[in-house]
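Welcome! Please take a moment to look over the model below, and then let's walk through some of its features together.

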Amino acid sequence: MHRLCHTIYTAFEAKQYCTSAFLDVSQAFDKVWHDGLLYKIKHTLPLYYNLMRSYLSARTFHTKIKDHISAIFPITAGVPQGSGLGPILFVLYTSDLPTTNYTTTGTIADDTAILASHDDPRTATRFLQDHLVLFQEWLHKIKINAAKSVQITFTLRKWQCPPIYMNDTKLPVGNSTKHLGMHPDHKLNWKERIVKKRKQVALKVKELYWLIGRKSPLLLENKLLLYKSITKPIWTYGIEIWGAPVRQVKPSFRKPNHPYFE
């Protein structure tokens, strides 16, 4: 997220258009192709190949509804969710995502964002569209839900970049999106995130008021512990990015009205 915001702020300073595609991967962990994953592990981490092959092979599942149990079926794709190895295996599987010299890619697990910047909005869109074509050719049994993906043009200028397409489907155009639990908008002023976080904090304080309110007999130390463990993480998540955005401003100094400075 730092890298994405740095790219956007750089485009702001250069008065460029930064068009982006935030892609929604459909059932990402369930679509990992076992043979393709083992092939990549064999060539990148050969010492762990036999262990991972044993871990992924001969896995089965069945379905139970009340007292009825289905037959047993083999699992030929996907990585176990809820395990520590699940995200790691998915990252290994997608480690060779195509990149270009004209775009910036940000991926973590199944969250993917691609950005392209240029003075000309049509050129920025062409850079991004070319990368999406490469991305589409790379996909191995993993599908992108174009309807839930979004294109955002980050710019301080009034024009927008032309639309982009994924699988011959036009990506919806928006002014903001939810990415990694944050809400970047087209001018990176984080208004939507601040509003949402204020509502979440207010709701949580209301739920805990019987414990942290003035009439609560709880010790102040325990009230402070509840605040630090429950309420504070809500508004401090990602504060390094949205709370103090780096912008180039002209430094200024005004002498305070105090006898010490006379």
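## Aromatic pairs

Seven aromatic pairs turn up when the whole structure, a predicted model, is searched. One of them joins Phe22 and Phe154: the ring centres are 6.4 Å apart and the planes meet at 70°, so this pair counts as edge-to-face. Phe22 belongs to strand S1 (residues 17–26) and Phe154 to strand S9 (residues 150–154), so the pair ties together parts that lie 132 residues apart in sequence. Are these two residues, Phe22 and Phe154, buried or exposed? Both Phe22 and Phe154 are buried.

Elsewhere, Tyr93, Phe135 and Trp138 make up one aromatic cluster.

## Where two helices meet

Two packed helices are described by the angle between their axes and the distance between the axes. Here, the axes of helix H2 (residues 34–44) and helix H4 (residues 85–93) come within 9 Å of each other and cross at roughly 80°. That crossing falls between 65 and 115 degrees, and H2 and H4 are therefore roughly perpendicular to each other. On the H2 side, the contact is made by Gly36, Leu37, Lys40 and Ile41, while H4 brings Leu89, Leu92 and Tyr93. By type, the residues of this contact divide into five nonpolar, one polar and one charged.

## Charges over rings

Which residue lies over the face of Tyr93? Lys40 does, at 4.5 Å from the ring centre. Recall that Lys40 of H2 and Tyr93 of H4 both take part in the helix contact, and that Tyr93 is also a member of the aromatic cluster.

## Around Tyr49

Tyr49 is found in helix H3 (residues 49–56). With a relative accessibility of 18%, below the 20% cut-off, Tyr49 counts as buried. Setting aside neighbours within four places in sequence, Tyr49 is in contact with Leu38, Ile41 and Lys42.

## Two positive phi angles

Most residues other than glycine have a negative phi. Lys66, although not a glycine, has a positive phi of about 55°. Lys66 lies in the loop between strand S3 (64–65) and strand S4 (68–69), and is exposed, with a relative accessible area of 73%.

Asn167 likewise has a positive phi, near 55°. This residue is found in the loop between strand S10 (165–166) and strand S11 (169–170). Asn167 is partly exposed, with a relative accessible area of 35%.

Key. Residues numbered from 1 in each chain as written. Predicted model: local features only at pLDDT ≥ 70, side-chain atom pairs only at ≥ 80, totals over all residues. Heavy atoms only, no water. Axes fitted to C-alpha atoms, helices over the stretch in contact; angles between N-to-C directions. Helix = DSSP H or I, 4+ residues; strand = E, 2+ residues; numbered from the N terminus. Parallel < 35°, antiparallel > 145°, perpendicular 65-115°, else oblique. Contact = heavy atoms within 4.5 Å. Nonpolar A, V, L, I, M, F, W, Y, C, P; charged D, E, K, R; others polar. Phe/Tyr/Trp six-rings, centres within 6.5 Å; stacked < 30°, edge-to-face > 60°. Buried < 20%, exposed > 50% of the residue type's maximum accessible area, 1.4 Å probe, protein only. Lys NZ or Arg CZ within 6 Å of the ring centre and 35° of its normal.
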